[in-house]
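Colleague: I would like a close look at one part of this model, taken slowly and with the terms spelled out. Please take the sequence and the structure as they are shown here.

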Amino acid sequence: MIVDDTPLLVRNVKNILGDRYTVFYATSGKQALHIIPEKEPDLVLLDYKMPEMDGKQVFEEMRKDEKMKDIPVIFLTSASDEKTILSILATKPAGYILKPANQADLLEKISTCLEEAEKAKKGNSNSEDYTHGG
């Protein structure tokens, strides 16, 4: 899922990902928080700087919600200054990508993130099997 307040960026990223993935989008943080529980995306590409509710706030709300807390988030940002990058990393997302996103980098980051999320799910289900005395 793509969450960005810039329609051109949403369209461009959707074009890059559309052949490989089913892509949903939201143009605001509030809209995203309504769509994510309904669509249950495997990953969220989240703009860090948006009006009304920024990416950090959306991410924090996702982490509080049982249905959304384990969905990997990759922040998209046009800010490359150290302070912003450190602020992004402090939230512990699955990653971040500088805008405009390079197609190869975007696809690689998404693929890696989805693989790691799948491994984590399998790891969690294996540990649950042991705790239930199977």
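Leaving aside its neighbours within four places in sequence, with which residues is K99 in contact?

Modeller: Please bear in mind that this is a predicted model, in which local features need pLDDT of at least 70 and side-chain atom pairs count only at pLDDT 80 or more, while totals for chains, interfaces and linings use all residues. Residues are numbered from 1 along each chain as its sequence is written, and side-chain values use heavy atoms, with hydrogens and water left out.

With neighbours within four places in sequence set aside, K99 is in contact (heavy atoms within 4.5 Å) with D4, L9, D47, L76, T77 and S78. To one of these, D4, the side chain of K99 also makes a polar contact, side chain to side chain, at 3.0 Å; such a contact is a pair of N or O atoms within 3.5 Å, where, within protein, one must be able to donate a hydrogen and the other to accept it, and residues adjacent in sequence count only if both atoms are side-chain atoms.

K99 lies in the loop between strand 5 and helix 5 (103-131), where helices (H or I, at least four residues) and strands (E, at least two) are DSSP runs numbered from the N terminus. P100 lies in that loop between strand 5 and helix 5 as well, and the peptide bond leading from K99 to P100 is cis, with omega near -5°.

As for the surroundings, the open sheet has five strands in the order 2-1-3-4-5, with parallel pairing, two strands being paired if DSSP finds at least two bridges between them. Strand 2 (25-26) and strand 5 (95-98) stand at the edges with a single partner strand each, so one side of each is left without a neighbour in the sheet. Strand 5 pairs with strand 4 (residues 73-77) in the parallel sense over four bridges, and T77, one of the contacts of K99, stands opposite L98 in strand 5. Helix 3 (residues 55-64) packs on the sheet, touching strand 3 (44-47) and strand 4, and its direction makes about 170° with that of strand 4; axes are lines fitted to C-alpha atoms, for helices over the stretch in contact, and angles run from 0 to 180 degrees between N-to-C directions.

Another loop, between helix 4 (82-90) and strand 5, holds K92, which has a positive phi of about 60° although it is not a glycine. At 69% relative accessibility, K92 counts as exposed (buried is under 20% relative accessible area, exposed over 50%, partly exposed in between, with a 1.4 Å probe and protein chains only).
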